[in-house]
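Subject: Structure handover

Hi,

Here is the structure I promised to pass on. Please open it alongside this note; my findings follow below.

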Amino acid sequence: MQTAASNSLVLTDLSSFTRFADSQRAISHGGFYQLIASDRIRSVHTKQVLLALGDRLVFLAENAHAFRQMDALERVSQILVSLPLRQQFEAVGRYYQAVCTQRFGRGDVQHSSTLLERVAESAPTRYRVRAIISLGANSYRQCDNRSALSLYYEASRLALRDGVYDPYATLTAQRMVGAIQGLEGNHRDAVRVLENLYPVAHAMRCVQPHVYFDYMNSLAVELCEVGRLEEAKNVSRIVLASPFATAYPEWRETREEIELRGW
């Protein structure tokens, strides 16, 4: 990424992410869950309404995951698993149950891997790919970089083979490849990988902004490592201005590291 491009990022309009902050507030309220538990929902038997309900639950799960609201995510995942239309939504629920067990590396990583392996074997391709990426994250957190890389490449191959276009999977898998390269000291290669991913990340900034900001944080880390401190500061400033920043303490740690390097 050129300096001019990085500077232009500082001008990114964050108002496009307001609706995600609104969804965070919605998730925090118990009204929707009370509605699900009510006799009104339990009495609904039409496929059309159940499909709409399932789609709404998937939306809530994705947003709870984005804001790392694990209690809400756990409740929604349990409901997804128990919906009558199991073939459409059970795999999604199982995937997010594994994520809840994993708790971003702070939970039972071994048990979450067992759950993720089941999803990776039998779910629709979209969630098989995501499960494999999460398995890669587990290996990464256990310092098994070789296994992690193998899983990230496997996820990419599966998505390509089955013709699944999932920008989340593409960006996350390749971002982690870059992160591992940086961890192994290949910071210039890591920067190259991450900069090449920028068009995909930028395209996702409105639909899955937490993924975009997580990518930007990784970019800031590697820009710092190669001495491009001013660019790293610019990118980190964008990341910390996002509505997701309080849920991702590692982003602030990145900023602190950049400031230390600048002294």
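The accessible surface of the protein chain comes to about 13000 Å². Carbon and sulfur atoms hold 51% of that surface. Bear in mind that this is a predicted model.

First, the overall picture. The protein chain has 16 helices and zero strands. It runs to 263 residues, and 49% of them count as buried. Take the contacts between residues at least 6 apart in sequence: 63% of these join residues at least 24 apart.

Next, helix α16, residues 249-262. Four residues of α16 are buried: Trp251, Thr254, Arg255 and Ile258. They cover an arc of only 95° around the axis, so they sit on the same side of α16. An α-helix has 3.6 residues a turn, so residues three or four places apart point the same way. What do the buried residues of α16 pack against? Their partners are α14 (209-225) and α15 (229-240).

Now arginine 175. This residue is in helix α11, residues 167-183. Buried or exposed? Arginine 175 counts as buried, because its relative accessibility is 12% and the cut-off is under 20%. Leaving aside neighbours within four places in sequence, arginine 175 contacts Leu194, Leu197, Asp214, Tyr215 and Ser218. Leucine 219 is 44 residues away from arginine 175 along the chain, yet their C-alpha atoms are separated by 8.8 Å.

Last, two backbone points to check. Most residues other than glycine have a negative phi. Arginine 68 is not a glycine, but its phi is positive, at about 55°. Cysteine 143 also has a positive phi without being a glycine; its value is near 65°. Where are they? Arginine 68 lies in the loop between α5 (47-66) and α6 (70-82). Cysteine 143 is in the loop between α9 (125-141) and α10 (145-161). Their accessibility differs. Arginine 68 has 17% relative accessibility and therefore counts as buried. Cysteine 143, at 68%, counts as exposed.

Best wishes

How values were computed: Residues are numbered from 1 along each chain as its sequence is written. This is a predicted model: local features need pLDDT of at least 70, side-chain atom pairs count only at pLDDT 80 or more; totals for chains, interfaces and linings use all residues. Side-chain values use heavy atoms; hydrogens and water are left out. Helices (H or I, at least four residues) and strands (E, at least two) are DSSP runs, numbered from the N terminus. Buried means under 20% relative accessible area, exposed over 50%, partly exposed in between (1.4 Å probe, protein chains only). Contact means heavy atoms within 4.5 Å. The arc is that of the directions from the helix axis to the C-beta atoms. Accessible areas come from the Shrake-Rupley method with a 1.4 Å probe; for residues, only the protein chains shown count as cover.
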